[in-house]
Amino acid sequence: MSNSFGSWICRTAIAALGFVAIGTSADAADSVKLRLDWVFGSEHAPIFLALEKGFFKEEGIEVELLPGEGSSVTTKLVGNRDADFGYASADQVLLGASRDLPVVATAVLLQQNPTAFIFKTSQNIKNVETDLYGKTLGVQLKSSTGRQWDAIKKTLNLDPAKLTEVPADGALVSLIAADRIDVGVGFYFNDALKLKATGEDVSWILLEELGMKMYSTTLLTNAELIAENPDLVARFTKAFVRGWEYSVANPDEAYEAFVKANPSTDKVYAKLKLPEVLKLTQSPDVSANGLGSSTLAGWDELQKQLVEMGLLKTSIDVSKAFTNQFLK
């Protein structure tokens, strides 16, 4: 925990039908709401495993698990205390903090940027600095992936005159499958693996590998809750991260827990996606300090990227937007 975050806190003194509630009896447990970033998917399997294994119950917590409508909505709900905890992207934590929402990330679960250039392998794209020329690219203009594409174009000094871009919001998979675009910019564990699940031979190149390193998804809460009940935040974070640690070691169990709770899910797609999501939990920081850990340098780099993309207008004190104190 950074000193500035600590002093700031001192100054401020859970199925598919909508929710899943699992825990101890109401009079013996703390009841909390956890809002996810999106509808239930196998990227959330570690959370379902933690519930099934009773990790929250062991910590005296009953969880109401709610699907989300996007990370920005989840961050706002946590900031307004309409949800006690959220699972949402790190960029939205910083954007929320810049708008004076008192949100704090207590763990960074997905350490790597999942945005990628996605294409059929037959496109034979190896070097994006040369092989994108003459291709038709689908860009999701309403997504942060679109802003990342704009930024990486500048970083790689790509010539816009040699690129053909078309809007592809919500249609990346179908457009690639129908050969209406050659390349799409999106989350590889969503769009690329949806294609792979249908039998397409698909490849991707991560923007992370091209220098756009960004923390992805976090566990967040409200700073006021930390000040009022740090023990609850500590116990919740412990159980939450434990679910991810167990899933990394036992991915098949995590998959089974998710499918059990969501029997109508696309099982082929879900099984393809989970291992790829679990890969994103790893980083040098995690190797050194444990799953969920983050650094000031990592958050500064994320802020730098957001400023360069024009999403963040002015820099903020990122040390107030995250803490590692509950990972001990």
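Gly138 stands opposite Gly184 in strand β9. This is a predicted model, where local features need pLDDT of at least 70, side-chain atom pairs count only at pLDDT 80 or more, and totals for chains, interfaces and linings use all residues. Residues are numbered from 1 along each chain as its sequence is written, and side-chain values use heavy atoms, with hydrogens and water left out.

Stay with β9, residues 183-187. Strands here are DSSP runs of E, at least two residues long, and helices are runs of H or I, at least four; both are numbered from the N terminus. Strand β7 (residues 136-139) pairs with β9 in the parallel sense, over two bridges. Two strands count as paired if DSSP finds at least two bridges between them. Strand β6 (residues 115-120) also joins β9, but runs antiparallel to it, with five bridges. Phe119 stands opposite Val183 in β9. The strand is mostly covered: four of its five residues are buried. Buried means under 20% relative accessible area, exposed means over 50%, and partly exposed lies in between (1.4 Å probe, protein chains only).

Now turn to β11, residues 217-222. Six of its six residues are buried. In a regular strand the side chains alternate between the two faces of the sheet. In β11, Thr217, Leu219 and Thr221 point one way. Thr218, Leu220 and Asn222 point the other way. Two strands pair with β11. Gly86 has Leu220 as its bridge partner, and Ala105 stands opposite Leu220.

Next come the charged pairs. The whole structure holds 15 salt bridges. A salt bridge is a side-chain nitrogen of Lys or Arg within 4 Å of a carboxyl oxygen of Asp or Glu. One of them joins Arg235 to Asp30, with the closest N and O atoms 2.7 Å apart. This pair links distant parts of the chain: Arg235 sits in helix α11 (residues 230-249) and Asp30 in strand β2 (residues 30-35), 205 residues apart. Arg235 is buried, at 16% relative accessible area. Asp30 is partly exposed, at 29%.

Arg235 has another partner, Asp231, at 2.8 Å between the closest N and O atoms. Asp231 and Arg235 both lie in α11, four residues apart, about one turn of the helix. Asp231 has a relative accessibility of 45%, so it counts as partly exposed. Salt bridges with shared partners join Asp30, Asp231 and Arg235 into one network.

A further salt bridge connects Lys273 and Glu43, whose closest N and O atoms are 2.6 Å apart. Lys273 lies in helix α13 and Glu43 in the loop between β2 and α2 (45-53), so the pair ties together parts that are 230 residues apart in sequence. Both residues, Lys273 and Glu43, are buried.

Finish at Thr281, in the loop between α13 (267-279) and α14 (284-289). Thr281 is buried, with a relative accessible area of 0%. What does Thr281 touch, not counting residues up to four places away in sequence? Leu109, Leu110, Gln111, Trp244, Val248, Val286 and Leu291 are in contact with Thr281. Contact means heavy atoms within 4.5 Å. The side chains of Thr281 and Gln282 also make a polar contact of 2.7 Å. Such a contact is a pair of N or O atoms within 3.5 Å; within protein, one must be able to donate a hydrogen and the other to accept it, and residues adjacent in sequence count only if both atoms are side-chain atoms.
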